[in-house]
Amino acid sequence: MTPVLDIRSLARAWDGKPALRDLSLTLQAGGMLGLIGPDGAGKTTAMRMACGLLRPDGGEVRVLGLDVQRDGAAIRPLIGYMPQRFSLYPDLSVDENLRFFSELHGLSRDQRQQRRERLLAFSRLEPFTRRRAGALSGGMKQKLALACTLIHEPRLLILDEPTTGVDPVSRQEFWDLLGDLARGGMALWVSTPYMDEAERCGHIQLLHQGQVIAEGRPAELSASFPRRILRLEGADPQAVRQLVQAFAGVVLHRFGHSLHLVCDPDQEEGLRLALRQANLEAKPQPPTLEDAFFHAVAHGSLAA
Amino acid sequence: MLAVAAKEFLHILRDPRTLAVALVMPLAMVLLYGYAIDMELRALPIAVLDEEGGVRSRQLVEDVQSSGFIQVVERLSSREQIEPGFRHNRFLAALVIPAGHARRLGQGREAPVQVVVDGADGSTAATVGAYLEQAIALHNGRRLPGAGLKPPLRVEPRTWFNPQRVSAHFIVPGLTAVVMIMVCALLTSISIVRERETGTLEQVLTAPVQARELILGKLQPYLLIGALDTAVIFFVGRVVFQVPMNGSWLALAGYSLLYIWVALAMGLLISALVRTQQVAMMIALVVTLLPALLLSGFIFSHASMPLPLQVVGHLIPATWYLRIVRGVMLAGVNAWPREALVLAGMGVAITGLALKRFQKRLDD
Amino acid sequence: MRPTTESGLAVRAHHLSRRFGDFTAVDSLDLDVEAGEIFGFLGANGAGKTTAIRMLCGLLAPSAGEAWVDGLPISTHGEAVKRRIGYMSQRFGLYDDLRVGENLEFYGGIYGLDSAAIKARRGELLERLDLSQALDRPTGSLPLGYKQRLALGVALLHRPPILFLDEPTGGVDPVARRAFWDLIYEVAAEGTTVFVTTHYMDEAEYCGRVSIMVAGRIQALGTPASLKAEHGARDMQDLFLKVVGT
């Protein structure tokens, strides 16, 4: 089957500085691919090139087999792109925003009516059709932006940090909507700074300094974290900090009342012993995606 | 307050566009306007028919001449002498001061004087008429203070008045009033909205800084820029257009600072009232440029306006500054206590309003 | 520890309310925050968090009720309160056209520090926030993580005993967020009270106590562990959804 999105060796530099090097990926219909990475890793650059908004220095992007550079006009109706700062018109109502975007895509009156109803129901914005977009809450704005992005029924949805600044309840709701879309056969490519969101993707690529430094299913990535984490409850951080100084490379993180000590596997025994001598009982802490992310960013890969 | 002023300075320096607007635009406008007008008209010959012959009427004739661009070449003894004078091109207009002039003034009544203009050379004649009218208005301000909205000495214009024919001597000082209020109001109009938009206002207001300090701090650097602008305009007026300077530079500088302050405060008030930078700039342009251009007496004299427009004209700062600047430069009169007082009052009122409005607006 | 109030409370709100027209953004809020605490002030968008923080920082007058910050009533001692708090908002409040050092100088100036004091404090903060190499860079050109640390520096300039952070980590990547929280812990360890809002539930876990606000009222208050136990929640995300969800 032709992948919905097929990217080969995509590269781009800004003023001679590489922003993205050698990005390759394939995304099938119904798939959800997550792109995570620190600020400036090249996420937005990659997404803009995939939409044909930015010319790559090298590599190619194919959407349903069509080349983004050559067949731009044919590809546009296939892609829905929601940029990081998707701007709705704050002085237009929910309805007027939707209408504008449907006119932009040249929909017929019937199509417009039909999709409007479907999208309003889908995004649960029906009660607010006459409210001005500027007066919507952050979560509702994002849903409206999503509805506007979906108005031409794209096959591929590209979302650049869609939930930044949105509260947890709205984020959950938003991702439930994305899940529905994927189940309906749409292909989704999403970037996010939230690890809990990344965990909802079928496949994740971790981008750092323009390069993919790790990728796989979320569970695979957390499992391949090469170090060990020990958890201490209610210990004095200062005392523990002093204690672990003897162990090279051990990192200490605070999480409210608990402390996480990250060490190499061969250090674990010694560290536990030292802690026990100080009357501290460390428990093993299973690594999360975030731990994997940190390690990969700090060391350039998930290798030990 | 100093911290705010210093920071505001950095903003100006970092933004070449603002700086360009602040320094180049006024210069360009003055040069453009100045050159667009005929500079040939100077020392226009007129005749005077003084039927009164008293101190009052002598003062009027003196004042009319003091500006330097009107010269009394002949004294007439009867109206019959006007026409031959026109025919032989000895003078372009005649000023008739009817008998009973001083008596009427003494009774606080209107004392009309008549300006008779040679219609043969339409445009020149119109200019002379306009000059005379302005000169008489100056005389009003100078000799007959406290006359209120309706000056006791009134000219009824008889000639169509073509603004394009007024000379640079007259235009450039007036232009200062128009250009400065526009530029200064534009400069400050975005200063508060911008901070509201970027969120820095919120941060600043969590510090123990008073709204008063913030507003006054913001005024300072722009006051300096405004002063610089004014100096540049006057310099150009003097050197390029040879506008006479019959009064004191020091007095003019003082009045100009007062005027700049009023203009800057208007910008700040707008900035405290609106939500976005674009709207602020639009409003600043509309409320400063048009009234200053049309209603200040810059082009159209107040005397020729219907009453409501005259009233509006007297509410705009440019009107008062215009009188001062023409009076100081052309008539050589340095003392304008009433006009200065009005400007100061406007400055205090507008600054106060901006402050009050600004404090209120933190609550939404 | 820095001496704070006699009662030992850094923030206290009593029936604090704020209405906008007929909409009640904050509805009779009661809250005690101990000196030296890291207090997480959670809630959905529009629940009234920002309004409450703005009142506590003196940016907004309450419609009813009273609050004390560092023992001082905000209604009568607004200016004195401002000297005792540091504030950092999600928008950071930095001047993009000024350099890093100039932003610190300006804010030092409006807090009334003299130039020698500003210089000393600036160096100290830049060192601590790992921004020394960025001193002369225009603020607008900095990555988000740098701006965020600079905004924290601005809030800490005058050594306030209480720090209000309104969504300080919004949109910042996990690496920068963790670095930021390391700084918060350092500041708190010196006795500064930290009052913080966030949409990241993993960050809520970093707080000593949290409250969850729904429609202008506090619906849950306690340590993350006790709240999770009380509501039978797996983690903070789950807890949040349970408390906020109807």
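# Contacts between and within the chains of a predicted model

Q: In this predicted model, which side chain meets that of A:Arg124 in a salt bridge?
A: A salt bridge requires a nitrogen of Lys or Arg within 4 Å of a carboxyl oxygen of Asp or Glu. At 3.5 Å from N to O, the side chain of A:Arg124 meets that of A:Glu173. The partner is A:Glu173.

Q: How many residues apart in sequence are the parts that this pair ties together?
A: A:Arg124 lies in the loop between helix 4 (109-123) and helix 5 (138-150) of chain A. A:Glu173 belongs to helix 6 (residues 168-183) of chain A, so the pair ties together parts whose separation in sequence is 49 residues.

Q: How many salt bridges does the rule count over all chains?
A: Side chains of opposite charge can pair when their charged atoms come close. Between chain B and chain C the count is 2, and across the interface of chain C and chain A the rule also finds 2. Over all chains, the count comes to 50 salt bridges.

Q: Which chains share the most contacts?
A: There are 2 pairs of chains in contact. Chain A and chain B do not touch, as their nearest C-alpha atoms are 13 Å apart. The contact of chain C with chain A takes 26 residues from chain C and 27 residues from chain A, while 24 residues of chain B are in contact with 29 residues of chain C. The most contacts are shared by chains B and C.

Q: Which three residues supply 28% of the area that chain B buries against chain C?
A: Chain B and chain C bury about 2,400 Å² between them, with 54% of it on carbon and sulfur atoms. On the side of chain B, three residues supply more of the buried area than any other three. They are B:Glu202, B:Gln203 and B:Pro208.

Q: Which helix of chain B gives the most to the side that touches chain C?
A: Across this interface, 11 residue pairs are in polar contact. Helix 1 (2-14), helix 8 (191-198) and helix 9 (200-205) of chain B each supply at least two residues of the side that touches chain C. The one that gives the most, with 6 residues, is helix 1 of chain B.

Q: Which residue of chain C forms a salt bridge with A:Asp291?
A: The area buried between chain C and chain A is about 2,400 Å², of which carbon and sulfur atoms give 59%. A salt bridge joins these two chains at A:Asp291, where the closest N and O atoms are 3.8 Å apart. The residue of chain C is C:Arg178.

Q: How many residues does helix 6 of chain C give to the side that touches chain A?
A: Helix 5 (144-156), helix 6 (174-189), helix 7 (201-204) and helix 9 (236-244) of chain C each give two or more residues to that side. Helix 6 of chain C gives the most, and its contribution is 5 residues.

Q: Which residue in the turn between strand 12 and strand 13 of chain A has a positive phi?
A: Strand 12 of chain A pairs with strand 13 (residues 258-263) of chain A in the antiparallel sense over 5 bridges, and A:His253 stands opposite A:His260. The two strands form a hairpin with 2 residues between them. The residue with a positive phi, about 60°, is A:Gly256.

Q: Where in chain A is confidence lowest?
A: Chain A averages a pLDDT of 91. Confidence is highest in strand 8 (residues 187-191) of chain A, at 97. The lowest mean, 85, belongs to strand 12 (residues 251-255) of chain A.

Terms used:
Residues numbered from 1 in each chain as written. Chains lettered and ligands numbered in written order. Predicted model: local features only at pLDDT ≥ 70, side-chain atom pairs only at ≥ 80, totals over all residues. Heavy atoms only, no water. Contact = heavy atoms within 4.5 Å. pLDDT = per-residue confidence, 0-100. Helix = DSSP H or I, 4+ residues; strand = E, 2+ residues; numbered from the N terminus. Pairing = 2+ DSSP bridges. Buried area = accessible area lost by both parts, 1.4 Å probe. Polar contact = N/O pair within 3.5 Å; in protein donor to acceptor, adjacent residues only side chain to side chain.
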